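The sequence and structure come next.

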Amino acid sequence: MIFIANALPVNGGTTFLIRACREMHRRGQKVAVLVMFPIVDEKLRAELERYAQVFDLRDYLWDHGVFFRMQLMTFAPVRWRALLDMLRQFGTTVHVMGIFGLFFASRLARRLAGVRATIGVYHQNEYLFDAQDTYFVRAFRQCFNAVPASQFLFFNQANVTNYSRFFGTDFSGGTIAPIGIEISEDLPQDLPAQVRGKLVSVGNLVNFKTYNGHIIRIVAALADRHPELHYDIYGSGSEEEDLKALAESLGIKHRIHFFGPMAYSDFGKNVGQARLFIGSGTALLEAAALRIPAMVGIESIKQPETYGFLSDIDGYSYNEYLPDVPRFSMQSLVERVLSDQVFAEEIASACREKAKEFSIESTINSMTTLSDCAQTELPGLGTIDCVRLCCSFVGVALLDALHLSSTFRNRRDQSYGLT
């Protein structure tokens, strides 16, 4: 199998890729990862290289990414003979992890016979956007629609519903699998002692993770009743300065600690101390697996509400806004965990049991079956297509720079169903 990944930053997508490749390596499957853009955490890359062959697209571009940079590398002239010689040993099924990976897979299909793509919906809004009607948008939809629903991988039922509604296509024939984590039968022996009053979140500080701001306000509201209360935030991003300003404006700057990105190897050491973890994505699952009460942070929600804890979730859907699922006050649940040790212990145990449903073994079983059953070949993108796409994408970027349309860049900040 060939994974086409946008980049390898410090985030849940990269750590998931490591877990997936590690499990496939354990099964004796040969795996390649083609990294599209030079945004790479070297420690995570080194870990990934233990289980997969990792290749950088820019090493196979005629200009080595000097003139065609970042997303434009997708459409740049390629030294195809060298790239195809490398990829052939890994088969003809490519697993796409984003829009630009889909475009490049379509370029591969023009030159490598039999290329079939499976599409993973790693962020629910990656492919959902209503941008201005440009050639770039039309070409994306043509490539996207050429892949049958049976070759899509969704990580929860809510995504299937959203995609079916948005595209007017029945995606119920796609595969649904958990966004897998590794979970052992026993807890790690070296877990640190819990720190009283310690709340923790881990993840990039971006617009749609509104729960960070909600928790900062909750800390301010509960500070008088819980003098030991503090909130440790691991991650960085565009919202960091606004969150720091919020903490300062509420007079609780000393209670909100910003630690920057966390090394994946330090997750247990830092998160294992938490009385309560708040978040979304795989970090929530990892925290629950450590037997930490893990509260769901609903993405993009404006109200300080939650579905409760991971153990309260039915199935695999927990990140997205789901209008028919009951929601609860985040503040009331935070205070109960802080005040009621018996309740906190019960929730911690229940969260760990729920986390076991999200095993990487189940994920790879589904991905392997999906790859084996994929039949439809991708239509190819030729040189003229790439020239037009490159020019059209420059136009999309120009519209964004002039503040005329940022729909494409901000597509992940959308939340379908939110009012």
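In this predicted model, a search of the whole structure finds zero disulfides. A disulfide is a covalent bond between the sulfur atoms of two cysteines. Cys386 is in no disulfide, and the nearest cysteine sulfur, that of Cys390, lies 8.7 Å away. A disulfide would need the two sulfur atoms within 2.5 Å. Two cysteines can also be described by their accessibility:

| Residue | Relative accessibility | Class |
|---|---|---|
| Cys373 | 52% | exposed |
| Cys386 | 4% | buried |

Cys373 counts as exposed because its value is 52% and the class begins over 50%. Cys386, at 4%, falls under the 20% limit for buried residues.

The next topic is the sheet. Seven strands form an open sheet with parallel pairing, in the order E3-E2-E1-E4-E5-E6-E7. Its edge strands are E3 (53-56) and E7 (175-176), each of which pairs on one side only. Inside the sheet order, E1 (residues 2-5) pairs with E2 (residues 32-35) in the parallel sense over four bridges. Ile4 has Leu34 in E2 as its bridge partner. Helix H4 (residues 99-111) packs on the sheet and touches E1, E2, E4 (93-96) and E5 (116-120). The direction of H4 makes about 160 degrees with that of E4.

How do helices H7 and H11 cross, and at roughly what angle? The axes of H7 (residues 211-222) and H11 (residues 330-339) come within 10 Å and cross at roughly 60 degrees. H7 is therefore oblique to H11. The crossing is right-handed. Residues of H7 that meet H11 include Tyr211, His214 and Leu222; on the H11 side, Met330, Val334 and Leu338 are among them.

Methods: Residues are numbered from 1 along each chain as its sequence is written. This is a predicted model: local features need pLDDT of at least 70, side-chain atom pairs count only at pLDDT 80 or more; totals for chains, interfaces and linings use all residues. Side-chain values use heavy atoms; hydrogens and water are left out. Two strands pair if DSSP finds at least two bridges between them. Helices (H or I, at least four residues) and strands (E, at least two) are DSSP runs, numbered from the N terminus. Contact means heavy atoms within 4.5 Å. Axes are lines fitted to C-alpha atoms, for helices over the stretch in contact, and angles run from 0 to 180 degrees between N-to-C directions. Buried means under 20% relative accessible area, exposed over 50%, partly exposed in between (1.4 Å probe, protein chains only). Angles under 35 degrees count as roughly parallel, over 145 as roughly antiparallel, 65 to 115 as roughly perpendicular and the rest as oblique. A crossing is left-handed if the near helix is turned anticlockwise from the far one by less than a right angle, and right-handed if clockwise.
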